[in-house]
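Hi,

Here is the structure I said I'd pass on. Have a look, and my notes follow below.

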Amino acid sequence: RNWGRLDRYEVDYLRRDGHRQTLSREIYDHGSAAAVLMYAPGPGTVILTRQFRLPAHVNGDPAWLVEVPAGMLDGEAPAIAARREAIEETGYEPEALVFLFDTYASPGSLTEKCACFLGRYTPGRQVGAGGGVRGEGEDIEVFELGLDEAMAMVASGGIVDAKTIMLLQALALRLAAGEGI
């Protein structure tokens, strides 16, 4: 019960076949989040971040993961949190923000629901330094690359974060359908 809460539950539920079953599970709850993929339509670029992720390290994978800006709602509406996280992590404020979907990354053990947005930005028009909030222990590298390059990173395993993969794919589908932001 520090950053989040780990609780053990026993739940009786009715199976689809009509029989009752008891499940015993541990659920981790640390609140819900918002994420935003920053996209510049003119040059076709996105802004991504790289930061240290202890669970990936503990799992034996590279600890510095490439991700979209994201963070906890902290009592705010998802769109407000997405805008705040974009500014804190990248230094860019979304000029337009479009809600795309909600997702549960690991619904078997996490309560976190992540609201995912697409944000438009103009290269060079930063409103802050980005890099995260040092007081929260954030040490975030910010970089800009073409959407095609980001999609190639997904294919090669350079991007393994679920929300980032989903947002990049959602953007690619929107662009293929002729939709903007």
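D161 counts as buried because its relative accessibility is 13%; buried here means under 20% relative accessible area, exposed over 50% and partly exposed in between, with a 1.4 Å probe and protein chains only. Bear in mind that this is a predicted model, where local features need pLDDT of at least 70, side-chain atom pairs count only at pLDDT 80 or more, and totals for chains, interfaces and linings use all residues. Residues are numbered from 1 along each chain as its sequence is written, and side-chain values use heavy atoms, with hydrogens and water left out.

D161 sits in the loop between α3 (147-156) and α4 (162-176); helices (H or I, at least four residues) and strands (E, at least two) are DSSP runs numbered from the N terminus. Its side chain makes polar contacts with the side chains of K163 at 3.0 Å and T164 at 2.6 Å (N or O atoms within 3.5 Å; within protein, one able to donate a hydrogen and the other to accept it, and residues adjacent in sequence counting only if both atoms are side-chain atoms). Beyond neighbours within four places in sequence, D161 is in contact with V66 and E67 (heavy atoms within 4.5 Å).

Q51, in strand β4 (residues 45-52), is buried too, because its relative accessibility is 6%. Leaving aside neighbours within four places in sequence, its contacts include E67, E89 and D139.

E89 is also one of the buried residues of α2, along with R84 and E85 among others. Those buried residues pack against β3 (33-40), β4, β6 (70-72), β7 (96-103), β8 (114-120) and β9 (141-146). After α2 comes G91, with a positive phi near 85°.

Cheers
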